[in-house]
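Here is a briefing on one protein model.

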Amino acid sequence: MTPIPLAESLAAVLPSRIREIADMAFGMSGVLRLHFGESNRPTPDFIKKAAAQAVEDGFTFYTENQGLPGLRQAIAAKYLELHDVTLDPRSEILITASGVQALHLSIRCVIDPGDEAVVLTPNWPNASAIVGLHAGRAHEVPLSWDGERYGLDLPAIEAALTPRTRLLVYASPSNPLGWVARPQEQATLLDFCRRHGLWLLADEVYERLYFAGPAAPSLLKLCRRDDAVIVVQSFSKSYCMTGWRLGWAVARQDLVRKAAQLNEFIVSHAPSMVQRAGEAALKDGEPFVRDMVADVQRRVRCCYEALKGVPGVTVAPPEGSFYLFPRIAGLIDSFGFARSLLEEARVAVAPGSAFGTGGEGAIRICCAADESVLEPAMERLAKFIQDPIRFKV
């Protein structure tokens, strides 16, 4: 009997090439793992204790679909502290079960089947994939490169627009580039979307991993309350809470109201005790964040210094996040390169092709690992790149 097939639309959602490398690495010993976007630091004890206390205090029941009022108030207070931005926690903030879910809900609220989105790349692949999951189409437009810094390519962005375009997505600080959109660049994107009647979605998950201040510039600083703007955020990177799956979105009141309604049919809400842990992270986490960011900056800088002088390697000075995205002269198959590097040198990195248009020819390195991993990994990588016999493009 012929099996009943899966939905044909699933063919548009491709597997993660990062996960392919990870699956290979799982079965190998002695691998220096720099492929996942995750710090080696555990969640700090005060957050873990807050979650345990929340369980003792009875936070084991359903909450509002929009999230606990106390957590929304704590998020609003943090935006006021960091950005001098005033938000209404009752109507402009939605708590989600991860930043990924915040992306899902946000994109679902603004595109219909057949609609299109422009995604600035190289970018974390989930944004483009989620557009496809909702029967939309993502047009990926690479950021420009002037030899020193990435920037916006407005003519290319405009050329990607069609009558079905509804959304523009970018990430700052960027995964994988480490690029941070300057306020003027954010203003340019906001003005562009206002003129063309588009929603503008900013992935600001890495905002605290910024090397020139306490937080990277937020798009919200430039917005009016009626702007078609969404900011997606997460506790994963700033507070080392990747496994806790807690995030949020800030948006116009009508989107937050509808997204909260949709939450009922997806996950209901983020876990109650995890939301309470998030409150503790926001209220008491500044000393931890400052120490963690200083440590990350030092590690990223060490990796940058180790790679910038390697012949054939071009790498942008890091501005934020905990990634480097070195481009390698002559590289035309970054997945093949990453696989060979893993098999022969036991170093796991993410292939640049996993990050969309403009990513091929590069690799992503997560610099949040321990120095005992980073130092030998950079040595092995540099040696691999410079060995014409083992370097396979």
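Is the crossing of α3 and α9 left-handed or right-handed? It is left-handed: the near helix is turned anticlockwise from the far one by less than a right angle, whereas clockwise would be right-handed. The model is predicted, so local features need pLDDT of at least 70, side-chain atom pairs count only at pLDDT 80 or more, and totals for chains, interfaces and linings use all residues. Residues are numbered from 1 along each chain as its sequence is written, and side-chain values use heavy atoms, without hydrogens and water.

**Helix pair**
- Helix α3 (residues 69-83) packs on helix α9 (residues 272-284) at about 25 degrees, with the axes 9 Å apart.
- The two are therefore roughly parallel (angles under 35 degrees).
- Gly70, Leu71, Ala74, Ile75 and Lys78 in α3 meet Gln275, Gly278, Glu279, Leu282 and Lys283 in α9 (contact: heavy atoms within 4.5 Å).
- By class, this contact of α3 with α9 has four nonpolar, three polar and three charged residues; Gly counts as polar.

**Sheet**
- Three strands form an open sheet in the order β12-β16-β15, with antiparallel pairing.
- β12 and β15 are at the edges with a single partner strand each, so one side of each has no neighbour in the sheet.
- Strands pair if DSSP finds at least two bridges between them.
- Two bridges join β12 (residues 323-324) to β16, with Leu324 partnering Ile365.
- Two bridges also link β15 (residues 350-351) and β16; Ala350 stands opposite Arg364.

**Burial in β16**
- In a regular strand, side chains alternate between the two faces of the sheet.
- In β16 (residues 363-366), Ile363 and Ile365 on one side and Arg364 and Cys366 on the other are all buried (under 20% relative accessible area, 1.4 Å probe, protein chains only).

Notes
Buried < 20%, exposed > 50% of the residue type's maximum accessible area, 1.4 Å probe, protein only. Helix = DSSP H or I, 4+ residues; strand = E, 2+ residues; numbered from the N terminus. Axes fitted to C-alpha atoms, helices over the stretch in contact; angles between N-to-C directions. Parallel < 35°, antiparallel > 145°, perpendicular 65-115°, else oblique.
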